[in-house]
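This report describes selected features of one protein model. The sequence and structure are shown first, and the description follows.

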Amino acid sequence: MKKPESYLKLKIFFLISLLAVGTFLLVAQKTQTDQEHQKILSVLFIGNSYTRPLPTMIQSIAEINGTQITYRSLTPGGWTLRKHSESVETLEAIHERKWDYVVLQEQSQLPSFPEEQRRKEIYPYAKKLTDEVRKAGATPLLFLTWGRQHGDIQNIPDDTRSKMQTRLLEGYQNMAKTTFSEIVPVGLAWEAIHSLDKNIDLYTHDGSHPNRKGVYLSSLVFAFHLVGLSQLNTPPITGIAEETAELLVQQAKALTLSP
């Protein structure tokens, strides 16, 4: 006995609806599983124009490696940790939520100054900020920056990039001891690249701030540190040759994994 045409249409509609519901449930389950396995971090960046271009790139690299980063960035040009320690906005930002990490970056020249000057102009304010960070339940990280392309020739006429980097490292190491904090050694990655290939320019025209390669290298060091993986998937970056990008990745990785 033949079934009425309306009955067949109803059966087909029912089967299609059932398939659609099943597909939806599978997609929803996969999305929920992916979210459950995705690492989520919140990061507050405190610094100045050296830090300003990094968070978006760090976020992008982390995302394709299974880590979702939400962040806030306080980076007025030329600001010191002293200014941030006296800023109501900065102090309120530290306590506005429970951050996982708070990144602290000092003005680009100060940590390369003599130790006596550091004791007066850096350490007390770094200590104040890291104390506030820990009160808020977060982990402070010190952002070791890079030496300027020709060193700090404003203050030391015969300075070089490498000499300035050595002084910066000493300043940040002493800051880390004073504040019991960990260093993210971005500046050392810059030094390593310069030693390997002097044709790779990481600076903008001012010889101080990072160009696209500099931003990428700096962000890689942070991404390795925050994501906690020994290998990163990295997106192609417009304006950076594949061979150069691979070298930047390998140096960031080698530096981050060094004891």
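## Salt bridges on helices

Lys-127 has a relative accessibility of 30% and therefore counts as partly exposed, a class that lies between buried (under 20% relative accessible area) and exposed (over 50%), computed with a 1.4 Å probe on protein chains only. Its salt-bridge partner is Asp-131, with 3.0 Å from N to O; a salt bridge requires a side-chain nitrogen of Lys or Arg within 4 Å of a carboxyl oxygen of Asp or Glu. Asp-131 is likewise partly exposed, because its relative accessible area is 30%.

Arg-119 is exposed at 52% relative accessibility, whereas Glu-115 is partly exposed at 22%. A further salt bridge joins the side chains of Arg-82 and Glu-86 at 3.4 Å, N to O; Arg-82 is partly exposed at 39% and Glu-86 is exposed at 51%. By this rule the count comes to 11 salt bridges.

## Basis of the description

The model is predicted: local features need pLDDT of at least 70, side-chain atom pairs count only at pLDDT 80 or more, and totals for chains, interfaces and linings use all residues. Residues are numbered from 1 along each chain as its sequence is written, and side-chain values use heavy atoms, with hydrogens and water left out.

Helices (H or I, at least four residues) and strands (E, at least two) are DSSP runs, numbered from the N terminus.

## Helix H7

Helix H7 comprises 19 residues, 161–179, and should span 27 Å at 1.5 Å a residue; its end C-alpha atoms are 26 Å apart, which agrees. The expected span is 1.5 Å times one less than the number of residues. After H7 comes Phe-180, whose phi is positive, near 55°.

Among the buried residues of H7 are Arg-161, Met-164, Leu-168, Tyr-172 and Ala-176. The cover over the buried residues of H7 includes helices H3, H5, H6 and H8, together with strands E4 and E5.

## Nonpolar cores

A nonpolar core is a set of buried Ala, Val, Leu, Ile, Met, Phe, Trp, Tyr and Cys residues joined through side-chain atoms within 4.5 Å. The largest has 40 residues, of which Val-186, Tyr-216, Leu-217, Phe-222 and Leu-226 touch the most other members. Elements giving two or more residues to this core include strand E1 (39–46), helix H2 (54–63), strand E3 (101–104) and helix H10 (242–257). Its largest share, 10 residues, comes from H9.

Neighbours within four places in sequence aside, Phe-222 is in contact with Leu-54, Ile-58, Val-103, Phe-143, Val-184 and Val-186, where contact means heavy atoms within 4.5 Å. A second, separate core of 26 residues includes Val-102 and Leu-142, as well as Tyr-172 and Ala-176.

## Strand pairing and crossover

E1 and strand E2 (residues 67–74) pair in the parallel sense over 8 bridges, pairing being assigned if DSSP finds at least two bridges between two strands. Ile-46 has Leu-74 in E2 as its bridge partner. From E1 the chain passes through H2 to E2 in a right-handed β-α-β crossover: with the strands pointing away from the viewer, the path from the first strand over the helix to the second runs clockwise.
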